[in-house]
Amino acid sequence: MTIDELAREYENQYKILSAKAKGLTPLLCVKRGKDLYLLRKKIMIYNEMACECRYIASILSGYYEED
């Protein structure tokens, strides 16, 4: 696996995790109490993981561009 392929894989994971977080967002209107807290926590974790994947993908894709 090349670095560019790995960067694309991280980008795909970013898209998947973002879609999961976005898919859970409508449930925020339905949940109450502890369920709402756990849902917010899950969405926050998905968003953090997605941001990390995007960050790593940008580092890997720019690997050969540096001098």
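The dialogue below treats helix packing, the nonpolar core and the cysteines.

Tutor: This is a predicted model, in which local features need pLDDT of at least 70 and side-chain atom pairs count only at pLDDT 80 or more, while totals for chains, interfaces and linings use all residues. Residues are numbered from 1 along each chain as its sequence is written, and side-chain values use heavy atoms, with hydrogens and water left out.

Student: At what angle do helix 1 and helix 2 pack?

Tutor: Two packed helices are described by the angle between their axes and the distance between the axes. Here helix 1 (residues 3-24) and helix 2 (residues 33-61) pack at about 160 degrees, with axes 8 Å apart. The two helices are therefore roughly antiparallel (over 145 degrees). Their contact comprises 17 nonpolar, 4 polar and 4 charged residues.

Student: Which residues form the largest nonpolar core?

Tutor: A nonpolar core is a set of buried (under 20% relative accessible area) Ala, Val, Leu, Ile, Met, Phe, Trp, Tyr and Cys residues joined through side-chain atoms within 4.5 Å. The largest one has 9 residues, including Tyr14, Leu17, Ile43 and Cys53. Helix 2 gives the most to this core, with 5 residues.

Student: How many disulfides does a search of the whole structure find?

Tutor: A disulfide is a covalent bond between the sulfur atoms of two cysteines, taken here as a pair within 2.5 Å. The search finds 0. For Cys51, the nearest cysteine sulfur, that of Cys53, is 9.4 Å away. Cys51 is partly exposed, at 41% relative accessible area (between 20% and 50%).

Key: Axes fitted to C-alpha atoms, helices over the stretch in contact; angles between N-to-C directions. Helix = DSSP H or I, 4+ residues; strand = E, 2+ residues; numbered from the N terminus. Parallel < 35°, antiparallel > 145°, perpendicular 65-115°, else oblique. Nonpolar A, V, L, I, M, F, W, Y, C, P; charged D, E, K, R; others polar. Buried < 20%, exposed > 50% of the residue type's maximum accessible area, 1.4 Å probe, protein only.
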